[in-house]
Amino acid sequence: MHKEWENEDISESKGILYRGELIYYLGALIFGSGIALLFIGTAFVMIFTVHSRSDPEEIMLTTILVASGVALILIGINTMMRQTKYGKYIMIVSSLLSLIAVLSFVVSYYKNYWYYPLISYVIACYVIGFSMLLGNAFANITVWTIRGKSEVATSGRDTGKIYTDEEIERDIEEATRKSMELVASELQFEIGDSDLKNIKVGEAFYESRGMVTRVKDDIDESLILEHAISPGETEKWGSIGLDKASMQLSKALEEPTTEKKRFVDFKERIGKRWRKITSFLRSK
Amino acid sequence: MAKGLDIGTMNIICAEKEGDDIVFMRQRNAFMKLDSSDLTKNMLDTSKVLYIEEDGEISLLGEDAFKFATIFEKDARRPMSQGIISPKEKEAIPIMKLIVENVLGQPRSSHEVLYISTPANPIDSDMDVLYHKKTMEALAKSMKYDTHVIDEGLAVIYSELSDWNFTGLGISVGAGLTNVTLAYLATPLMSFSIARGGDWIDEQVSKSTGLPKEHVTTTKEAGSKLGKEVKFGSADGALTIYYDALMTYVIQNLNRKLAEIAPPKVAFPVAVAGGSALPEGFFEHFKKKLIETKLRVEISKIIRAKDPLNSVARGCLIAAKTQEEKKYSKINIIPKKEVPVKKHKKKWRK
């Protein structure tokens, strides 16, 4: 029934409800009318307390209202949905069937022809129309739901950024420029004196350097620029300098100084001599 | 010891520090051919004219070429056109080498640091400046300089926007190109050029008024005034009109280019420099136009370079000195001391 949808371009699909404004409003109107008729019919059933022995007019009126209301609801829903070619025909045929069934009921019931097998035909006609409308709506929803999920699935796979023409052009220009600069940086120009061998310069060539202007200027911007370009730099010692300094420090902490050593030695010598003297004296 | 070199379409300017002064050496980027004879050579030597002799032909170089061209009503030939080496001049590179050698002189120390200015790629032309950049770099390196390259617009920022921590827009209105750079804390965010400058104005004025182009250039440089009141039949009126057209064109292109980047949300000062920004009334006119055009970045202040003609060379010298300090501090591994920066009024002599 909906095979032709398989060949439709997904990119053209704009959702199940895309029908254009007028048709959408028409469908909404039909749907609204159907709802209204159904409510009215239901209200009449309750007001008239319709049963098998009620007045024929009451039964006919409430039946017409409820039946046409239900049919209009389904027609309205189908009108609001995007249909295929065959879907449209199904909708038209099913609407006609429902309408014919309701009209047949009106005519036959009014003229007292409401007997079997006419009742079967009328009910069958209405049920077929009703089922087709309901089935068409259900099928539309199902197909659009499946298509929507497959669109999401395919778009989800494609996570690449969509570039505009301008961005592509800029990227190409940037790549070309970098490539050219790389080639240019590898060039080795030979601007030798071969072109200038036959040239003789005038006397003024080495005497003056053009128009000279002398201006008092201490050009302190260079210091500011230095700090602006590299504000954090102070010293560069590296790990070798640091190791050396720490080794020197540890040495300095471990060994006494030369002067201290000398004093200690002197004290020891004095002590030794004193012990010798005292021991000698004791021996004496 | 470091040098800055502004290689422009009209002028080549070298800046170097000598004691407490900066010395600017300026030479016209032009040459003119004359027939060679002993008399001519004697006359030129006596008059201290800058020239070379090759294959029986004399080529006057620099300012003298310009002067002689005006006198003899001939066209001075230009090695550069629209900011880069002229593809139409076969002798462009040898002549430029000679003029640069004359202006730059020999390095004062081994591998003296040199920063040369180069234009950025123009956005309104399919011209590419890479070949010019590399040729100039190679030319300077052949003279045994430790050569580095810097954008003209960035050089203007270094020269004029130190009080704003080198954050802002630097605009250099030259003869061949107008260079624009936007920088934040000395880092360039955007750099481009426009293929219009002083030469374009001279051409348009020459076509409109019928005056020779060199005459227009001389009139402009002699001290023309841009304003609403102009002398009937003079070039001033045409100069005002085409200067206005140039300013509008530059500002519109700047606004267009600013749309492509996402600059930091700070107010940027603008510094305007360049030889073509010298005429009286240019800065006021440009400032007014810039304020009227609401740029995509906030402008805090618009300043005119103290010396528009030498600003780019001065910026190159600043960059060279900074590079030199960095180079020697790495070699000596001396801790950098916090040098207090004293801001005092700079005295500019004309």
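**Conventions.** I number residues from 1 along each chain as its sequence is written, and letter chains from A and number ligands from 1 in the order in which they are written. For this predicted model, local features need pLDDT of at least 70 and side-chain atom pairs count only at pLDDT 80 or more, while totals for chains, interfaces and linings use all residues.

**Chain A.** I looked up the elements of chain A and found eight helices and two strands (DSSP runs numbered from the N terminus: helices are H or I with at least four residues, strands are E with at least two). Along the sequence their pattern is α-α-α-α-α-β-β-α-α-α. Of the 284 residues in chain A, 17% are buried (20 or more other C-beta atoms within 10 Å of a residue's own, with C-beta atoms placed from the backbone).

**Contact of the chains.** I noted 54 residues from chain B and 42 residues from chain A in the contact (C-beta atoms, placed from the backbone, within 7 Å). On the side of chain B that touches chain A, β3(B) gives the most, with seven residues. By class, this side has 25 nonpolar, nine polar and 20 charged residues (Ala, Val, Leu, Ile, Met, Phe, Trp, Tyr, Cys and Pro are nonpolar, Asp, Glu, Lys and Arg charged, the others, Gly among them, polar). I also found β1 (residues 200-201) of chain A paired with β5(B) in the antiparallel sense over two bridges (pairing needs at least two DSSP bridges). There, A:Lys200 stands opposite B:Glu53.

I traced an open sheet of six strands, in the order β2(A)-β3(B)-β2(B)-β1(B)-β9(B)-β10(B), with mixed pairing. Its edge strands are β2 (211-216) of chain A and β10 (146-151) of chain B. β9 (residues 113-118) of chain B pairs with β10(B) in the parallel sense over six bridges, and B:Leu114 stands opposite B:Thr147. Helix α5 (residues 152-160) of chain B lies across β9 and β10 of chain B, at about 90° to β10(B) (axes are lines fitted to C-alpha atoms, for helices over the stretch in contact, and angles run from 0 to 180 degrees between N-to-C directions).

**Helix pair.** I checked α8 (residues 235-258) and α9 (residues 282-292) of chain B: their axes come within 10 Å and cross at roughly 40°. Residues in the contact include B:Tyr243 and B:Met247 of α8(B), and B:Phe282 and B:Phe286 of α9(B).

How values were computed. Two residues are in contact if their C-beta atoms, placed from the backbone, lie within 7 Å. A residue is buried if 20 or more other C-beta atoms lie within 10 Å of its own, exposed if 12 or fewer, and partly exposed in between; C-beta atoms are placed from the backbone.
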